[in-house]
Amino acid sequence: LEMRICSILPYTRKMIGEPKMSVAYEKDIVAWANEQAGFIRAGRFDLLDLENIAEEIEDVGKSEKRELASRMAILLSHLLKWQFQSGRRGASWQRTIKEQRKAITLEIKSTPSLKVSLNDLDWLAKIWADAVAKAVDETGLDVFPEACTWTIEQILDLAFFPN
């Protein structure tokens with residue numbers, strides 16, 4: 001049994017008879033993650049770094065939410081530029097708006113729990129502030145509204161482009 005497990009998993013040889021982890025979470029997270037996966041596959045649950053595993057699982061959710069926030073901020077900043085710089089409207093802005101909308105829609109379909117964020121007013125206010133800052137940086141204009149004037153439905157509607 002020992003020989004079979006060792007040949008399947010590179011980390012197993014280190015695991016047998018060793019009561020502690022050999023890779024520190026703080027020093028090399030990729031090696032640590034691979035080692036933890038090896039422990040799980042080998043059924044060595046007693047060697048798992050449960051606290052850091054729990055933290056990493058929570059971070060996956062946070063990462064998904066950050067991705068959604070980033071896409072929303074890009075989308076909103078481009079919608080602002082579209083509205084306030086009508087003379088500079090072009091295919092690239094339109095393409096960016098459509099791409100962000102599609103990516104956000106796909107993200108929400110693959111992770112439905114993210115949809116709750118779209119109705120979180122505090123979260124949206126932070127995204128709006130980020131979008132306005134981006135638009136100010138990119139345009140030099142300081143004329144943007146303090147709060148979002150569009151509904152979530154409008155923002156994500158593939159056909160909506162503000163006047």
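At 58% relative accessibility, D46 counts as exposed, a label used for residues with over 50% relative accessible area, while buried means under 20% and partly exposed covers what lies in between (with a 1.4 Å probe, protein chains only). Before we go on, a word about the model: it is predicted, so local features need pLDDT of at least 70 and side-chain atom pairs count only at pLDDT 80 or more, although totals for chains, interfaces and linings use all residues. Residues are numbered from 1 along each chain as its sequence is written, and side-chain values use heavy atoms, with hydrogens and water left out.

Let us return to D46. Which residue is its salt-bridge partner? The partner is R44, and the closest N and O atoms of the pair are 3.2 Å apart. A salt bridge here is a side-chain nitrogen of Lys or Arg within 4 Å of a carboxyl oxygen of Asp or Glu. R44 is partly exposed, at 22% relative accessible area. By the salt-bridge rule, the count comes to five.

Next, find helix α4, which runs over residues 50-84. Helices are DSSP runs (H or I, at least four residues), numbered from the N terminus. Within helix α4, D59 and K62 sit three residues apart, about one turn of the helix. These two form a salt bridge, with 3.9 Å between the closest N and O atoms.

R71 has a relative accessible area of 24%, which makes R71 partly exposed, and E67 is partly exposed at 35%. Salt bridges that share partners join E67, R71 and E107 into one network.

Where does E107 come from? You will find E107 in helix α5, residues 91-110. E107 is buried, with a relative accessible area of 8%. What surrounds this residue? Leaving aside neighbours within four places in sequence, E107 is in contact (heavy atoms within 4.5 Å) with E64, E67, L68, R71 and L114.

Methods. Helix = DSSP H or I, 4+ residues; strand = E, 2+ residues; numbered from the N terminus.
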